[in-house]
Amino acid sequence: MNRRWRPAHFLKSAALRATFLLVAWLALSCAAAKAAEEFYSVKRGDTIYSIARQYSLAPAELADRNGLSRSFHVYAGQRLIVPARSRAGPGGYPALPRAIQRAIDLAPVQPGRWKYIVVHHSGVDTGTVKGMDYYHREVRHMENGLAYDFVIGNGSGMGDGEIAVGPRWTQQLDGGHLASEAQNKIALGICLVGNFDEHRPTLREMDSLRALVQALMVRCNLTPSAVKTHQQINIIHTRCPGAKFPTQSFLASLPTPCR
Ligand SMILES: [Zn+2]
């Protein structure tokens, strides 16, 4: 029997062990994220309102997660799923409004089509989708109007943290938000209303951005390395999304999606 030490074999098995450990760690961290949903056993005297209050949730959010009708009726002994907190913060999975999640799910995304998700600011402190669409269509002469796939409001013009879905996403059209046409074919664009050279985005804008980016990463099969600021990806220099946009902490907060 050949008992000679074989470095190739050793390295191969060490590499295999490392791969196994990495896969196990990813599976466990994904399981932990999913386990963030708890269960609650309804007691006598409980109402959907009292239970929602205990978990700082909106009653409708708790009812929706459990498929309850609008009467919100619960009975003693019923087992309810308590959704993970919608403002879960870094590393969590903040929930998107259902209509937005639906728009993300329903778009006819071609596998492998999108390689990047790019973050912009509007550069002005009031903004609406209608206004941006007008500007891009009439002033910038973009045939498809609104250059971005999504816009997130700051409370002036749109709601604070409100997400609007544009036709470039729903119809899966090329973007109009980067200087390179080749990049516009493979990069989704999200614009936050505000001038982040002057001040930071609102907390709600950042919560919505994280939730939206995470949902798009799952939908388009992307990892956090696909998420860029306009400045990071553009072929010509731009300040967008502004010196006060928290690029480092935002990118560091994006978890690898569970599949
Ligand atoms: Zn930009």
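Beyond its neighbours within four places in sequence, V118 is in contact (C-beta atoms, placed from the backbone, within 7 Å) with H177, L178, A187, L188, G189, K228, H230 and I233. The model is predicted: local features require pLDDT of at least 70 and side-chain atom pairs pLDDT 80 or more, whereas totals for chains, interfaces and linings use all residues. Residues are numbered from 1 along each chain as its sequence is written.

V118 belongs to strand β3, residues 116-121. It counts as buried because 27 C-beta neighbours lie inside 10 Å; the cut-off for buried is 20 or more other C-beta atoms within 10 Å, for exposed 12 or fewer, with partly exposed in between, and the C-beta atoms are placed from the backbone. The C-alpha atoms of V118 and Q231 are separated by 9.2 Å, although the two residues are 113 residues apart along the chain.

The protein chain contains ten helices and seven strands, taken as DSSP runs (helices H or I, at least four residues; strands E, at least two) numbered from the N terminus. Of its 259 residues, 28% are buried. Among contacts in the protein chain with a separation of 6 or more, 70% involve residues 24 or more positions apart.

Outside the four places on either side in sequence, F150 is in contact with I163, A164, V165, G166, W169, I190 and L212.

Some backbone values remain to be described. Most residues other than glycine have a negative phi, and most peptide bonds are trans. The peptide bond from C240 to P241 is cis, with omega near 5°, and P241 lies in the loop between α9 (230-233) and α10 (247-252). H141, in the loop between α5 and β4, has a positive phi near 60° without being a glycine. H141 is exposed because 7 other C-beta atoms lie within 10 Å. Q172 also is not a glycine and has a positive phi of about 55°. Q172 is placed in the loop between α6 (167-170) and α7 (181-184) and, with 15 C-beta neighbours inside 10 Å, counts as partly exposed.

Methods: Contact = placed C-beta atoms within 7 Å.
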